[in-house]
Amino acid sequence: MRVIDLRSDTVTLPTPGMLQYMIQADIGDDGRARGTKGEDNAAAAAEKAVAEMFGKEDALYVPSGTMGNSVCIMTHCKRGDKAVTCQNMHMYKAEKVAFTEEWFGIKAVLVPQKKGCYVLEELKKALEENEVKLVCVENTYNFEGGTVLDRKEIEEILEISHAKGVPVHMDGARIFNASAALNMPVDKLCEGVDSVQFCVSKGLSAPIGSFITGSAEFIKKARIVRKQMGGQLRQVGLLAAAGQYAIENLSKRVVYDNTRARRLAEGIDGAKDISIDMDSVQTNIVKVDLHGQLKGRDWLKALEEEQSVRAHYITDDSVRLVTYRGITDEDITEAIGRIRSFCSMH
Ligand SMILES: *Cc1c(COP(=O)(O)O)cnc(C)c1O
């Protein structure tokens, strides 16, 4: 039986067109300063393209989403400062590094969320009771099943935060999936957000990296922080070019990943001993709640052994299925059949 791998959109590989574009990149030493950029023309061109697409003044390539978020947090804040986040936000729960005392030592002010959006009254209260230096948001929200922060929610969060003079950082690892779900371009969606990190190495199919974008002054400072974290790379234009190719050629097609995830969710909803909160299926992630005897990793292991379908662990009571370029309509039909059959036998 052929394997259907629904673990993560990070398994995407570069396209032939992308590889071609990387080879012709006009590269140089990005660590040799030339004005506000390095000597790598391809990196500078990619960063300019990102800034233009997001309607921001400047942008910066970073080797990973984790580093992008950390660079942004440590550009906005210093050790000991307080930042608002959530219990299950990727930056806090998965990356940890910014909020770990031994590492960057940011103090987390935890605010509850619903479907990935802060409970606004609680956010207001947190900002009144604490001297907060940064408000973090995530779009799409990974551990809630890829839910979207829409423009209205973003505006409310911006209004509450900016009224207190507090900047807002968006972990937009999958921002193009949100943009596709809302049918709203990223510049409109991220308007007013002080810094945005997004991954090109996930559904966008680039091999490595992320970009951060914000004001010219912010990116100037962030460039120094990136260097201190070891994220200044030499002929980085090879990788940045892949990212530029990705946003220009592959960022719109993620809409198909969103619709395929929806069809997958509808297809397996109601199978024995699992449930799906269908309201949370908004982009390319399907969070499946498990109610049977098999839990978390055992459920995943059995599904892979018996049906050659791979999925990813969230908690002992939930797993996720992720669609991406390479998962076709036939794969979805096949996966629905195999998962239903698996559930009925356990
Ligand atoms: C994947 C992910 C990141 C981190 O990206 P890496 O490139 O794996 O470091 C950050 N935030 C969210 C929401 C993610 O899904």
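Visitor: Where do the mean positions of the positive and negative charges of the chain lie, how many Å apart?
Guide: In this predicted model, the mean positions of the 45 positive and 50 negative charges are 3 Å apart. Lys and Arg count as positive and Asp and Glu as negative, while His and the chain ends are not counted. The place of a charge is NZ of Lys, CZ of Arg, CG of Asp or CD of Glu.

Visitor: What should I know about the model and its numbering?
Guide: Residues are numbered from 1 along each chain as its sequence is written, and side-chain values use heavy atoms, leaving out hydrogens and water. Because the model is predicted, local features need pLDDT of at least 70 and side-chain atom pairs count only at pLDDT 80 or more, whereas totals for chains, interfaces and linings use all residues.

Visitor: How many helices and strands does the chain have?
Guide: The chain has 13 helices and 15 strands. These are DSSP runs numbered from the N terminus: helices are H or I with at least four residues, and strands are E with at least two.

Visitor: What percentage of the residues is buried?
Guide: Buried residues are 57% of the 346 in the chain. Buried means under 20% relative accessible area, exposed over 50%, and partly exposed in between, with a 1.4 Å probe and protein chains only.

Visitor: Which residues have the most contacts inside the largest nonpolar core?
Guide: They are Y118, V135 and I175, in a core of 75 residues. Helix α10 (residues 237–249) gives the largest share of this core, six residues. A nonpolar core is a set of buried Ala, Val, Leu, Ile, Met, Phe, Trp, Tyr and Cys residues joined through side-chain atoms within 4.5 Å. Another core, of 30 residues, lies apart from it and includes V309 and L321.

Visitor: And what does I175 touch?
Guide: Leaving aside residues up to four places away in sequence, I175 touches F54, N139, M170, V186, L189, C190 and F198. Contact means heavy atoms within 4.5 Å.

Visitor: N139 again; which peptide bond there is cis?
Guide: The bond from N139 to T140 is cis, with omega near 0°. T140 lies in the loop between β7 (132–138) and α6 (151–163). Most peptide bonds are trans, and most residues other than glycine have a negative phi.

Visitor: What is the phi of S205, and is this residue buried or exposed?
Guide: Phi of S205 is near 75°, a positive value in a residue other than glycine. S205 is buried, with a relative accessible area of 0%, and sits in the loop between β9 (195–199) and β10 (210–214).
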